[in-house]
There are 2 protein chains.
Amino acid sequence: MARAATTSDAFNAVAEPRRRDILNYLAMQERSVTEIVDAMEMEQPSVSKHLKVLKRVGLVEVRREGRQKLYKVNAMAIRPLHEWTSTFERLWKHQLLRIKERAEANNAQKQ
Amino acid sequence: MARAATTSDAFNAVAEPRRRDILNYLAMQERSVTEIVDAMEMEQPSVSKHLKVLKRVGLVEVRREGRQKLYKVNAMAIRPLHEWTSTFERLWKHQLLRIKERAEANNAQKQ
DNA sequence: TTGACATATTCCTATATGAGAATATATTGG
DNA sequence: CCAATATATTCTCATATAGGAATATGTCAA
């Protein structure tokens with residue numbers, strides 16, 4: 001078996017940095033493909049292909065406006081990623097706490 | 001250019017579902033490779049290869065204990081994912097609020 | 001209808017994968 | 001040292017890319 005398809009879920013789709021760039025850009029507001037192309041400094045076909053992947057996994061939505069197509073983020077589709085990472089939040093906070101404690105103990109010893 | 005290497009960053013590493021499974025399992029506590037193999041119901045070489053990827057991007061840490069190697073999560077490496085997804089939190093909360101408002105308006109009309 | 005603009009698709013290729021099978025390496029007890 | 005246990009590596013193969021180039025499709029204005 002090869003690697004899971006980029007379109008298999010949001011995790012795979014956002015693994016590609018260019019697609020995260022596009023999502024970051026769209027987070028501000030809805031944009032046409034040309035606007036994305038100009039902002040990202042990517043070839044238009046590349047942008048279209050990335051948008052296709054993002055649309056497939058529900059990370060963006062499109063609507064037509066004249067000859068343009070306006071893409072916007074569907075933030076809800078990012079939630080599963082956020083929730084998954086949140087399960088580890090307790091762990092890294094614990095880690096940070098220990099680092100802080102160690103630093104303070106170190107400081108106290110120097111006094 | 002092909003897809004970015006799974007070892008290029010945490011985003012790519014956790015795109016693979018089996019690796020997320022392993023991280024979830026390790027979130028509870030440090031475990032040996034054999035324990036992971038038994039829990040995940042995967043072949044031992046597969047587990048070792050996945051652990052190699054996770055280690056490469058800093059998502060896990062290892063220490064030897066006799067003939068065993070004990071792996072544990074390094075939660076800090078998951079933070080970048082969490083922070084990136086957090087950027088969109090405002091957006092989906094806004095989305096949820098609008099859904100709620102619409103539901104309430106709908107309810108009021110039925111009264 | 002035609003031309004111009006906007007977006008999408010197809011074809012190509014180098015490349016990296018994940019699983020499975022086989023094998024190698026490392027560590028300990030006796 | 002040897003045998004047993006624990007883990008890692010190598011090899012092969014089917015598969016899915018991402019980007020570039022070329023082209024197709026869609027939509028409006030005149």
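Q: Which helices and strands of chains A and B each supply at least two residues of the surface near DNA strand D?
A: The model is predicted, so to speak of local features requires pLDDT of at least 70, side-chain atom pairs count only at pLDDT 80 or more, and totals for chains, interfaces and linings use all residues. Residues are numbered from 1 along each chain as its sequence is written, chains are lettered from A and ligands numbered from 1 in the order in which they are written, and side-chain values use heavy atoms, without hydrogens and water. Helices (H or I, at least four residues) and strands (E, at least two) are DSSP runs numbered from the N terminus, and "near" denotes a heavy atom of the residue within 4 Å of the molecule or strand. The elements that each supply at least two residues are α2 (17-28) and α4 (44-56) of chain A, with α3 (33-40), α4 (44-56) and β3 (68-73) of chain B.

Q: Which element supplies the largest share of the surface near DNA strand D?
A: This surface divides into eight nonpolar, eight polar and twelve charged residues; the nonpolar class is Ala, Val, Leu, Ile, Met, Phe, Trp, Tyr, Cys and Pro, the charged class is Asp, Glu, Lys and Arg, and the others, Gly among them, are polar. The largest share, five residues, comes from α4(B).

Q: Which residue places a polar side-chain atom 2.7 Å from a base oxygen of DNA strand D?
A: A polar contact is a pair of N or O atoms within 3.5 Å; within protein, one must be able to donate a hydrogen and the other to accept it, and residues adjacent in sequence count only if both atoms are side-chain atoms. A:Thr6 uses a polar backbone atom, 2.7 Å from a phosphate oxygen, and A:Arg64 has a polar side-chain atom 3.2 Å from a phosphate oxygen. The base oxygen is approached by A:Lys49.

Q: What area do chain B and chain A bury between them?
A: In contact (heavy atoms within 4.5 Å) are 30 residues of chain B and 30 residues of chain A. Buried area is the accessible area (1.4 Å probe) that two parts lose on being put together, summed over both. Carbon and sulfur atoms carry 66% of a total of about 3100 Å².

Q: Which residue of chain B forms a salt bridge with A:Arg20?
A: A salt bridge is a side-chain nitrogen of Lys or Arg within 4 Å of a carboxyl oxygen of Asp or Glu. The rule finds two across the interface of chain B and chain A. With its closest N and O atoms 4.0 Å apart, the partner of A:Arg20 is B:Asp9.
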